[in-house]
Every structure is written in structure tokens, then in C-alpha cells.
Amino acid sequence: MNMILLLLSLLSPYFSVSPQKETAAAAWLYPQSQVVQSLGHSVNVSSYIGSFNSLAGVSLYMPLEELLQVKGSPLAVTPDPWQGCREYHYADMSAGICEGAVLYVHVTPTEARQYGLYLNDQRIEPHRNNLVEILGTPDFVAEDGDVYMRGSTALKIYRNSQTGEWDGIDLFDGDSS
């Protein structure tokens, strides 16, 4: 008996009476208003960043030639005392260049306030303390800041030890540090 009820319920749409079609004359007599159909679905847009591809428009291991094409001539080039390489300074960021490629990208709070701070072309604002929504909880909390890892790529947000305010942000290869 259950099988018969199941079969009838599956076939019931085929046995329903089709609605009567309105004639063209009746449609002409009662003008229809313009209706725009829209899809009413919600998209769960997450601002969480699951990988670190670029900071301030510059990606790790970008060749120097490409950096110069993207950012133009640097304002200054100075020696990097930590890596023994050269640091290319721009108005909105600095990039450490070793062996002809970007080894790290650094942005100061002043540069971020003036030009915006973009991680993977998405604007982030560390001063608003909304990084947990965007980056999650830090993978490591160091004495000078928070470290977030995505694979071997690391993002470090330096913090002032007295105020807790952010002092800078670096994108670098976590395996090379």
C-alpha cells in the first residue's frame, strides 16, 4: 500500500489540471504593468582572506622588472640591514629585493592612511581592530605583533608594546625568515 501511495505522489504533478490560458484579447483589454523579475537569494559574502597573494599591489617573488612596471621608479633605494639586500621605497609601501625578486613587502600606518592598505586587492583597516573577521585569530602572537600564516606565506602586524596600536605590516615568506 505504501508503494502505491508513493507512486501516486510522485506522479501527481502529471495528473493535475493545467491552468486555463488567457486569451490575447483579454490581455489587451487589461494592460499589464511592467514587472522586473529579480532573484531573491542571499549570497554569504565572507571577507575572510584565505591566502596572502599581495600587499599594496605587490606579490612575493615578483621580479624586480615587474615591480618597476607596476609601481614605477622608487622614491629611494636603500640597503636592507637585515637581509643584506636592497629596499625599494615607494609612497605607499617598501619592498625588499633580493636576487632580483621581492622578498618582503612592508607598509607603515602613515602610508596606509594616505593610500589605503590592500591585501589581495581587498582593503583592510588594522586601526579598526576588525582583523579577526578578515584574518581570523593570529597563528602566533609575538612580543612585537601578530603573525598570520597561509601556507608558507606570512603576514605580520607589528604592534606598539605600550599602546597596542599597529606600527606596520609585513608580507613575507614564513619559511625564509
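How do S6 and S12 pair, and over how many bridges? They pair in the antiparallel sense, over 4 bridges. The close-ups below start from there.

A quick note before the views. This is a predicted model, in which local features need pLDDT of at least 70, side-chain atom pairs count only at pLDDT 80 or more, and totals for chains, interfaces and linings use all residues. Residues are numbered from 1 along each chain as its sequence is written, and side-chain values use heavy atoms, with hydrogens and water left out.

**View 1**
Helices (H or I, at least four residues) and strands (E, at least two) are DSSP runs, numbered from the N terminus. Two strands count as paired if DSSP finds at least two bridges between them. On one side of the story, Val107 has Ile169 in S12 as its bridge partner. On the other, S5 and S6 run antiparallel and are joined by 5 bridges, with Ile97 standing opposite Val102 in S6. S5 and S6 also make a hairpin with 2 residues between them, and Glu99 in that turn has a positive phi of about 50°. As for cover, 6 of the 7 residues of S6 are buried, so this strand is largely enclosed by the rest of the structure. Here buried means under 20% relative accessible area, exposed means over 50%, and partly exposed is in between (1.4 Å probe, protein chains only).

**View 2. The disulfide of Cys85 and Cys98.**
The structure holds 1 disulfide, a term for a pair of cysteine sulfur atoms within 2.5 Å. Here Cys85 is joined to Cys98, with 1.6 Å from S to S. The link is right-handed, with 115° about the S-S bond. Cys85 lies in strand S4 (residues 85-89) and Cys98 in strand S5 (residues 94-98), so the pair ties together parts that are 13 residues apart in sequence. Both Cys85 and Cys98 are buried.

**View 3. The largest pocket.**
Zoom in on the largest pocket and you get a volume of about 320 Å³. Of the 13 residues lining this pocket, Gln83, Tyr104, Tyr158, Asp170 and Phe172 are the closest to its centre. Sorted by class, the lining has 6 nonpolar, 3 polar and 4 charged residues. (Ala, Val, Leu, Ile, Met, Phe, Trp, Tyr, Cys and Pro count as nonpolar, Asp, Glu, Lys and Arg as charged, and the others, Gly among them, as polar.) A pocket is found on a 1 Å grid over the protein atoms alone, as an open set of points with protein on both sides within 12 Å along at least five of seven lines; lining residues have an atom within 4 Å of a point. Grid points are joined across faces, edges and corners, and a volume is the space filled by probe spheres set on the points.

**View 4. The salt bridge of Asp92 and Lys71.**
The count comes to 3 salt bridges, each a side-chain nitrogen of Lys or Arg within 4 Å of a carboxyl oxygen of Asp or Glu. In this one, the closest N and O atoms of Asp92 and Lys71 are 2.6 Å apart. Asp92 sits in the loop between S4 and S5 and Lys71 in helix H3 (residues 64-71), so the pair ties together parts that are 21 residues apart in sequence. Asp92 is buried, at 17% relative accessible area, while Lys71 is partly exposed, at 22%.

**View 5**
S10 is mostly covered, with 5 of its 6 residues buried. S9 and S10 run antiparallel, joined by 3 bridges, and a hairpin connects them through 2 residues. Phe140 has Val147 in S10 as its bridge partner. S10 and S11 pair in the antiparallel sense over 6 bridges, and Tyr148 stands opposite Leu155 in S11. In the hairpin of S10 and S11, Gly151 in the turn has a positive phi of about 70°.

Now for the charged pairs. Lys156 forms a salt bridge with Asp144, the closest N and O atoms being 2.6 Å apart. Lys156 counts as buried, at 12% relative accessibility, and Asp144 is partly exposed, at 31%. The side chains of Asp146 and Arg159 meet in a salt bridge too, at 3.2 Å from N to O. Asp146 lies in S10 and Arg159 in S11, so this pair ties together parts that are 13 residues apart in sequence.

Notes. 1 Å grid on protein atoms, 1.4 Å probe; cavity = no way out; pocket = protein on both sides within 12 Å on 5 of 7 lines; lining within 4 Å.
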